[in-house]
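Reader: Hi, could you walk me through this structure, please?
Author: Gladly; ask whatever comes to mind.

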Amino acid sequence: MDDFQLKLFASIARTRNFSRTAEEYFITQPAVTHQIKKLEAQIGSKLIKRTSHEVSLTPEGQDFLPYAIQILELSSIAVNRVMNIAEGRVGRIRIATLSATSYHVCESLIALHDKYPNIQVDVDILEGPEIIMSLQQQRHDFYFTGKPSVPQGSGYSTRLVQNGTLSLFVNKAIVDSIDLDDWSTIGMHPFVSVRKSDIILTNKVEEICRNRNCVPHIINYYNRAESVVLSVNSGIGVAILPSELGRLYQRPNVVTFLIEGDDAQNPLVFAWREDAESTAYNLFRDIVLSIFPATPD
């Protein structure tokens, strides 16, 4: 079993067409068939069912597909890492960030690259629940996230990078109907939101609305904050999101209103583990701490 066979298998799973897969990889259709048969022989099970009318995965093929994709991804990462080491990039750090903190990551990486261009950097932009899971499982070295995501006693130290806030995102067509001093003008519009599993943000939204006697009628939940902004841009509903997303995902039909009050504060932090030690780790941590100096309590 080699990467090429797995790539062909994954392509057929996607295209459901041997000829199209052959075209993608610039080989003949019989060559594709030969490689798939070799893969099935090594696995010991038939993976693809082919008739004169259609191509489909067998139950075994359906179960094998996610593993094949994971193997290809891991192989790609491993080859990339070895190549980087061979080229002198001996250090590596892994960063997880929310969309709302991506500006702070960019500023930090510019400073890192200026001083230490040979450090390999992996960056994953995650949603709130994914950040929390990664923190719990220590999948990344560093985190740029909302402060509530990093509970006290978790083994992580934090540094404030911005006193973030939440804003109301509305479509420009309804701007004249919005009055932040009278939230009944907001409650009359349908709401869109990130998914309920993003409990930190959705709890803040519920608190803001509750404190202003507004009952949001949420008509749709989305798995990414960017999708919520796109929904607002399309006029589907209004939303409460981190203010930074208004600058990050600028859309022509979206207008943002800053929400005043302590309940709308959304502090953004840089988090790291004190017990993690490597040269690249220490260099990046020190750079970030120099960019965002400690503020008095």
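Reader: Are Phe-9 and Phe-64 buried or exposed?
Author: In this predicted model, Phe-9 and Phe-64 are both buried.

Reader: And how many aromatic pairs does a search of the whole structure find?
Author: The search of the whole structure turns up 9 aromatic pairs. One of them joins Phe-9 and Phe-64, and since the ring centres are 5.5 Å apart with the planes at 50°, this pair is tilted.

Reader: Which parts of the chain does that pair link?
Author: It links distant parts of the chain, as Phe-9 belongs to helix α1 (residues 3–15) while Phe-64 belongs to helix α4 (residues 59–86), and the two residues are 55 residues apart.

Reader: Why is the pair of Phe-142 and Phe-270 called stacked?
Author: For Phe-142 and Phe-270 the ring centres are 5.5 Å apart and the planes stand at 20°, so the pair is stacked, because planes under 30 degrees apart count as stacked. This pair also links distant parts of the chain, with Phe-142 in strand β5 (residues 142–146) and Phe-270 in strand β12 (residues 268–273), 128 residues apart.

Reader: Buried or exposed, those two, Phe-142 and Phe-270?
Author: Phe-142 and Phe-270 are each buried. They also belong to one aromatic cluster, which is formed by Phe-142, Phe-144, Phe-270, Trp-272, Tyr-281 and Phe-284.

Reader: Switching to charges, what sits over the ring of Trp-183?
Author: The charged end of Arg-212 is placed over the Trp-183 ring, 5.5 Å from its centre. Elsewhere, the face of Tyr-156 has Arg-273 lying over it, at 5.0 Å from the ring centre.

Reader: What else does Trp-183 touch?
Author: Leaving aside residues up to four places away in sequence, Trp-183 touches Ile-208, Cys-209, Arg-212, Cys-214, Ile-240 and Ile-259. Trp-183 is also one of the residues with the most contacts inside the largest nonpolar core, together with Leu-168, Ile-240 and Leu-241, and that core has 30 residues.

Reader: Which helices and strands supply at least two residues of this core?
Author: At least two residues each come from the strands β7 (166–171), β8 (191–194) and β10 (239–242), and from the helices α8 (199–211) and α9 (225–233). Apart from this core lies another one, of 19 residues, which includes Ala-10, Ile-12, Leu-39 and Ile-48.

Reader: Last topic, the backbone: what is phi of Arg-16 near?
Author: Phi of Arg-16 is near 55°, which is a positive value in a residue other than glycine. Arg-16 is placed in the loop between α1 and α2 (18–24), and with a relative accessible area of 37% it is partly exposed.

Reader: And where is Phe-26?
Author: Phe-26 is in the loop between α2 and α3 (29–43), and its phi is also a positive value, near 55°. With a relative accessible area of 78%, Phe-26 is exposed.

Definitions and conventions
Residues numbered from 1 in each chain as written. Predicted model: local features only at pLDDT ≥ 70, side-chain atom pairs only at ≥ 80, totals over all residues. Heavy atoms only, no water. Phe/Tyr/Trp six-rings, centres within 6.5 Å; stacked < 30°, edge-to-face > 60°. Helix = DSSP H or I, 4+ residues; strand = E, 2+ residues; numbered from the N terminus. Buried < 20%, exposed > 50% of the residue type's maximum accessible area, 1.4 Å probe, protein only. Lys NZ or Arg CZ within 6 Å of the ring centre and 35° of its normal. Core = buried A, V, L, I, M, F, W, Y, C linked by side-chain atoms within 4.5 Å. Contact = heavy atoms within 4.5 Å.
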